[in-house]
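Please open the model in a viewer and keep the selection tool at hand.

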Amino acid sequence: WLVQPQQTDEFWLTACKDELAAGRSVGIKAKGLSMFPVIRPKQEVIIKTYPLEMLKIGQIIAFQRKTHLVVHRVVQIEKTPPYKLTCQGDANWYTDEPVSLQNYIGLIDLKGRKEQQSVLANVLYKPIISLFRMAMRAASKAKQITHSFQPNK
């Protein structure tokens, strides 16, 4: 089923968890730009049940932050129990709080887009994303500089 945004985040989080617990996948529409360009606002992604212990660096997951869902990429894995993941949005500068079994929701499927799960994507995403982040920072800095100059009156 596809989550529609008419209800609160807390409502959809509970509904999502219930559907996944029943063995069904959940479709959601993305909000925000933290995973841009891989996931764009209003793009549909599918959350599937998947064991936390089987995750690999580079995969995209959903996890709970307070009362809403966050969809970010796994950047580091602590393999010894209790398993902890470090995630980060592709367009974000900083990593998220640790993800554990308590706030892990599921694996993201980008509706037939296989590149997020491919071995090549898992190996190459770090340098590509690092270049993207550097470009975003440079653009942000350039914007700050151009806006700091006041025209002569």
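Begin by selecting Lys31 and Asp9, whose side chains form a salt bridge with an N to O distance of 3.6 Å. The two residues belong to distant parts of the chain, 22 residues apart: Lys31 sits in the loop between β1 and β2, and Asp9 in helix α1 (residues 9-21). Lys31 is exposed, at 68% relative accessibility, whereas Asp9 is partly exposed, at 37%. Please bear in mind throughout that this is a predicted model.

**Further salt bridges**

The structure holds 6 salt bridges. For the next of these stops, select Glu19 and Arg24, whose side chains meet at 2.6 Å, N to O. Is Glu19 buried or exposed? Glu19 counts as buried because its relative accessibility is 16%, and the cut-off for buried is under 20%.

Now select Lys48 and Asp109, which form a salt bridge of 3.0 Å, N to O. This pair also links distant parts of the chain, with Lys48 in strand β2 and Asp109 in strand β6 (residues 104-109), 61 residues apart. Lys48 is partly exposed, with a relative accessibility of 35%.

Then select Arg65, Asp96 and Glu97 together; these residues are joined in a network of salt bridges.

**Cis peptide bonds**

Turn next to the backbone and select Phe36 and Pro37. The peptide bond between Phe36 and Pro37 is cis, with omega at about 10°. Pro37 is located in the loop between β1 (26-29) and β2 (44-48).

Move on to Pro81 and Pro82. Which form does the peptide bond from Pro81 to Pro82 take? The bond is cis, and its omega is near -5°. Pro82 belongs to the loop between β4 (68-78) and β5 (84-88).

**Positive phi angles**

Return to the loop between β1 and β2 and select Lys42, which is placed there. Lys42 is not a glycine, yet its phi is positive, at about 75°. The residue is exposed, with a relative accessible area of 68%.

Select Lys66 next, in the loop between β3 (60-65) and β4. Lys66 likewise is a residue other than glycine with a positive phi, here near 55°. How is Lys66 classed by accessibility? Lys66 counts as exposed because its relative accessibility is 74%, and the cut-off for exposed is over 50%.

**Confidence along the chain**

For the last stops, colour the model by pLDDT. The protein chain has an average pLDDT of 83, and 82% of the residues score at least 70.

Finally, select residues 115-120, over which pLDDT stays under 50. For these residues the model has 11 contacts beyond four places in sequence. Where pLDDT is low, predicted coordinates should not be read in detail.

Conventions: Residues numbered from 1 in each chain as written. Predicted model: local features only at pLDDT ≥ 70, side-chain atom pairs only at ≥ 80, totals over all residues. Heavy atoms only, no water. Helix = DSSP H or I, 4+ residues; strand = E, 2+ residues; numbered from the N terminus. Buried < 20%, exposed > 50% of the residue type's maximum accessible area, 1.4 Å probe, protein only. pLDDT = per-residue confidence, 0-100. Contact = heavy atoms within 4.5 Å. Salt bridge = Lys/Arg side-chain N within 4 Å of Asp/Glu carboxyl O.
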